[in-house]
Amino acid sequence: MEDSYTGLPTSHLLGSVPAATNDENNTAKQEATDANMQTFPPNHAGDRGRGYHTLDNPPETFEQQSANNWRGVFSVSSYTQYFNVDTDVVIFRLISSFNPYGGDFFSKIDANPDLYGLIWVSTTLVFVLAALGNLATYLMQKHTGTSTSWSFDVGYMNVAACAIYGYAIVVPLAYYFFLQYMGSNASLIRFWCMWGYSLSIFIISSFLLLIPVEALRWLIIILTGIASASFVALNLKSCIEGNELSVAIVAAFFLQIALAVFIKVWFFA
């Protein structure tokens, strides 16, 4: 019975549509395959909003954006290259910073300047100054034999953090913009790297400042300041051309001396 109904001719009926043949189906599939595929969500070209984009030209991922792009500034992946250093490289650069008369620190870090020294040397110095500053006041109090009770001063940590981080970040940044304005070829990452490692000598001298002899303390901090200032000034001179910028080199020298005096007066008075 069912076969009899399905076998009836239907081409003469009004509104009937002939069935698609296999050749027509294959042609439609081929055209769909060759079509330019589109994906969702849409992405319009440029910054005009979101629209469709093709699979042939995938959009640039956030990780592929350069640090020069304003979006790359907020991407952690843009800064991973500046921490790609091992222990041997860091130790070598720390030892180089103890040689104030080399003047070749920029040539040693030219291939791979890092921000490791800026962050960890500064952080170590902050904790060392806060801890040893309190210890120095305790030793001086015991040395003088005063009967007043001693207490740990947490304010040393706040002052050390503001002073060291502010100096290590703001001073190189100011020199970078100044030298760019003067037409010199300056690199902010290299400046941060050099100034960061220049603070490492203050970590060692802080332990020597525990000696409860005031004259010896001043001698230690002055020698430390001169060594650190010479390291900064001579390396800064190697990347500055022209005598008209010699004032900037002298200013950098005395800024390091001022930092040394500040450490002595505030934390080891």
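These are my notebook entries on a predicted protein model.

**Ground rules**

I number residues from 1 along each chain as its sequence is written. The model is predicted, so local features need pLDDT of at least 70 and side-chain atom pairs count only at pLDDT 80 or more, while totals for chains, interfaces and linings use all residues, and side-chain values use heavy atoms, with hydrogens and water left out.

**Entry 1: the overall layout**

I looked up the helices and strands. The protein has 10 helices and 2 strands. Both are DSSP runs numbered from the N terminus: a helix is H or I with at least four residues, a strand is E with at least two. I then read the order along the sequence, which is α-α-β-β-α-α-α-α-α-α-α-α.

Next I checked burial. Of the 269 residues, 35% count as buried. Buried means under 20% relative accessible area, exposed means over 50%, and partly exposed is in between (1.4 Å probe, protein chains only). The protein exposes about 16,900 Å². Carbon and sulfur atoms supply 63% of that area. Accessible areas come from the Shrake-Rupley method with a 1.4 Å probe, and for residues only the protein chains shown count as cover.

I also looked up contacts (heavy atoms within 4.5 Å).

**Entry 2: salt bridges**

How many salt bridges does a search of the whole structure find? I found 4. The rule asks for a side-chain nitrogen of Lys or Arg within 4 Å of a carboxyl oxygen of Asp or Glu.

- Lys108 meets Asp104 at 3.7 Å, N to O. Lys108 is partly exposed at 33% relative accessibility. Asp104 is also partly exposed, at 33%.
- Arg190 meets Asp110 at 3.1 Å, N to O. Arg190 lies in helix α7 (residues 188-198) and Asp110 in the loop between α4 (105-109) and α5, so this pair ties together parts that are 80 residues apart in sequence. Arg190 is partly exposed at 23%, and Asp110 is partly exposed at 46%.
- Lys264 meets Glu214 at 2.7 Å, N to O. Lys264 sits in helix α10 (residues 246-267) and Glu214 in helix α9 (residues 214-238), so the bridge ties together parts that are 50 residues apart in sequence. Lys264 is buried, at 1% relative accessibility. Glu214 is partly exposed, at 34%.

**Entry 3: aromatic pairs**

I moved on to the rings. A pair of aromatic rings is described by the distance of the centres and the angle of the planes. Rings of Phe, Tyr and Trp (its six-membered ring) pair if their centres lie within 6.5 Å; planes under 30 degrees apart are stacked, over 60 edge-to-face, and the rest tilted. By this rule I count 11 aromatic pairs.

Why is the pair of Tyr116 and Trp120 called tilted? The ring centres of Tyr116 and Trp120 are 6.2 Å apart and the planes stand at 45°, so the pair is tilted. Both residues lie in helix α5 (residues 116-144). They are 4 residues apart, about one turn of the helix. Tyr116 is partly exposed at 33%. Trp120 is partly exposed at 46%.

I then took Phe262 and Phe267. Their ring centres are 6.2 Å apart and their planes at 85°, so this pair is edge-to-face. Phe262 is partly exposed, with 32% relative accessible area. Phe267 is buried, at 1%.

I also found a cluster. Ring pairs link Phe106, Tyr175, Phe191 and Trp195.

**Entry 4: Met157**

Met157 is partly exposed at 27% relative accessibility. Which residues does Met157 touch, leaving aside its neighbours within four places in sequence? Met157 is in contact with Val126, Phe127 and Ala130. Ala130 is 27 residues from Met157 along the chain, yet their C-alpha atoms are separated by 4.9 Å.

**Entry 5: cysteines**

Last, I looked for disulfides. A disulfide is a covalent bond between the sulfur atoms of two cysteines. The test is a pair of cysteine sulfur atoms within 2.5 Å. The structure holds 0 disulfides. I looked up two cysteines as well. Is Cys162 buried or exposed? Cys162 is exposed, with a relative accessible area of 62%. Cys193 is buried, at 0%.
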